[in-house]
Amino acid sequence: MSFTLPELPYAYESLQPYLSKETLEYHHDKHHATYVTNANNLLKDSGLEGKSLEDVVKDTFGKNVPLFNNAAQHYNHSEYWKSIKPNGGGNIPGELEKALIDSFGSVDKAKADLVAAGTTQFGSGWAWLAVKDGKIAVSKTGNADNPLVQGATPILTVDVWEHTYYIDYRNRRPDYLKAFVDHLVNWEYVAEKYLAAVK
């Protein structure tokens, strides 16, 4: 089994004005595509051919750094594309909303913690909502790391590598993150991931 670059689930221009067509073309067609190509090349003769992407990520963590970096970046980006949508933000499905309130005290606190995690992630990396022990928590990871290798299940993925936002926001990462939580999040997808994680 080889990895394939997923199609974007929306048109390149459909996330404007929050993320431009140019950003999505570079980010998806160049950056993500390169991780897929590299991961496929490194997968050959690794002994992990035929395993799921999630299993490759977990099995290579701390053991095969080049394959981990590229497979994890493929996983992270694939989840990021599904975590956003045109006309995102807005209402949060009931069970997820209740879980966010149970875990953070309020939805606003959950959003603020997520923005803070993304803002304070030094250098390249990611911010996450993930389920661990039945609770939703915010976390941040550097480079390609993700909650899968920390015993948690990611349900929302926020890319904070500079190539994600630099064309549109330059160095204003907090502005990108605010636009992300207010206008881009695909809460229906996050709710699906949450319900699957707590089954």
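A: One may begin with overall size. The radius of gyration is taken over C-alpha atoms, and the globule rule is 2.2 Å times the number of residues to the power 0.38. In this predicted model, the chain has 199 residues, for which a compact globule would have a radius of gyration near 16 Å; the chain has 16 Å, which agrees. Along its principal axes, the C-alpha trace spans about 50 × 40 × 30 Å.

Q: How many helices and strands does the chain have, and in what order do the elements run?

A: There are eight helices and three strands. Read from the N terminus, the order is α-α-α-α-α-β-β-β-α-α-α.

Q: How many aromatic pairs does a search of the whole structure find, and how is one of them read?

A: The search finds seven aromatic pairs. One of them joins Tyr80 and Phe180, with 6.2 Å centre to centre and 15° between the planes. Planes under 30 degrees apart count as stacked, and this pair is stacked.

Q: Why does the pair of Tyr80 and Phe180 tie together parts apart in sequence?

A: Tyr80 lies in helix H3 (residues 65-83) and Phe180 in helix H7 (residues 173-184), so the pair links parts that are 100 residues apart in sequence. Tyr80 is buried, with a relative accessible area of 1%, and Phe180 is buried at 0%.

Methods:
Residues numbered from 1 in each chain as written. Predicted model: local features only at pLDDT ≥ 70, side-chain atom pairs only at ≥ 80, totals over all residues. Heavy atoms only, no water. Phe/Tyr/Trp six-rings, centres within 6.5 Å; stacked < 30°, edge-to-face > 60°. Helix = DSSP H or I, 4+ residues; strand = E, 2+ residues; numbered from the N terminus. Buried < 20%, exposed > 50% of the residue type's maximum accessible area, 1.4 Å probe, protein only.
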